[in-house]
Amino acid sequence: MSSSPQDQNQEPNQEPTQEPKEETKAEVKAEEKEDKNVEMKEEKREEKKEEKKEEKEEKKESWKDFIYNPRTGEFLGRTASSWGLILLFYLVFYGFLAGMFTLTMWVMLQTLDENVPCRQDRVASPGLVIRPHAAEISFNRSDPTNYDQYIQQLHDLLQRYNDSVQERNDLCLVGEYTEQDDEPIKKVCQFKRSMLRQCSGLPDSSFGYAEGKPCIIIKMNRVIGLKPRGDPYINCTAKRDSPLQMQYFPSEGRLDKMFFPYYGKKAHPDYVQPVVAVQLLFTKEDYNVEHTVECKVEGSDLRNNDDRDKFLGRVTFRVKVSE
């Protein structure tokens, strides 16, 4: 069938009328979507704001609740019973540690002797020292101010050896060790200052320095339990071609055995070790010359020739007297 011209004219007219309707629907849908998107964004913003507010409020509440939560009765995150249990645990734990430490210290102290050290870092042989305490003794015998410091040191050393003090001590057997291991209180043997005679500072308060014949006091360091064999004595020699005249007090420079052994500062508090005084008998020819003197302990098993320790069993000093 053939279409009429009218139909042909109507068909093109209908098509344009349908396109705008479709466009308007699409626009409406797009607008609706945009509106929905805007609403969704606003809702999300509001939700975020509300969440932030809630977080802030929760933080405030959480800090308060952490310190003390009235609902659960918790203080700093723990209930009273929880705090009680943890404190009880630490009390028992640290009490056990303290008990173990106390026990170990008590056991260790039972192995120690209060009078004798468990380990001694000192050598078996003692060293020698002199008074006045100086490696070089130099003075003018005509000027007392030059040697005042020397005689003061000698007086200070001999205060414990005063006869009035030593008379309270015991008279011991000469040449015999004074062993008293089983005695709770150790006795002290007498060593009177007057035994040093011219070097005692009693007949001559200047100890010979005013005459140019100085006295040097030599003493041996204390070593707990030391019992030197033989008959120890002090011997001094001057390092020069001709011998130097000397005089020893007590005679022959003896260190008597009765002053040994030494039992320590706690068991032997009033102990005084024996000393030897040597007087250097200088002549006028010896003045203004420096003399080197070496003193050694000899006559026993005590060492005096160790090159690594020049004070082990010996001592060296220099003396110069001027006028």
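Strands here are DSSP runs of E with at least two residues, helices are runs of H or I with at least four, and both are numbered from the N terminus. With that in hand, E252 turns up in the loop between β7 and β8. Its phi is near 65°, a positive value in a residue other than glycine. Most residues other than glycine have a negative phi, and most peptide bonds are trans. E252 counts as exposed because its relative accessibility is 58% (exposed is over 50%, buried under 20%, partly exposed in between, with a 1.4 Å probe and protein chains only).

A quick word on provenance: this is a predicted model, where local features need pLDDT of at least 70, side-chain atom pairs count only at pLDDT 80 or more, and totals for chains, interfaces and linings use all residues. Residues are numbered from 1 along each chain as its sequence is written, and side-chain values use heavy atoms, leaving out hydrogens and water.

The β7–β8 loop also holds P250, joined to F249 by a cis peptide bond with omega about -10°. Another cis bond runs from R131 to P132, with omega near 10°, and P132 sits in the loop between β3 and β4.

Follow the chain on to β4 and you reach an open sheet of 4 strands, ordered β4-β10-β9-β6 with mixed pairing (two strands pair if DSSP finds at least two bridges between them). β4 (136-140) and β6 (230-238) stand at the edges with a single partner strand each, so one side of each has no neighbour in the sheet. For β4, pairing with β10 (residues 314-322) is parallel, over 5 bridges, and I137 stands opposite V319 in β10.
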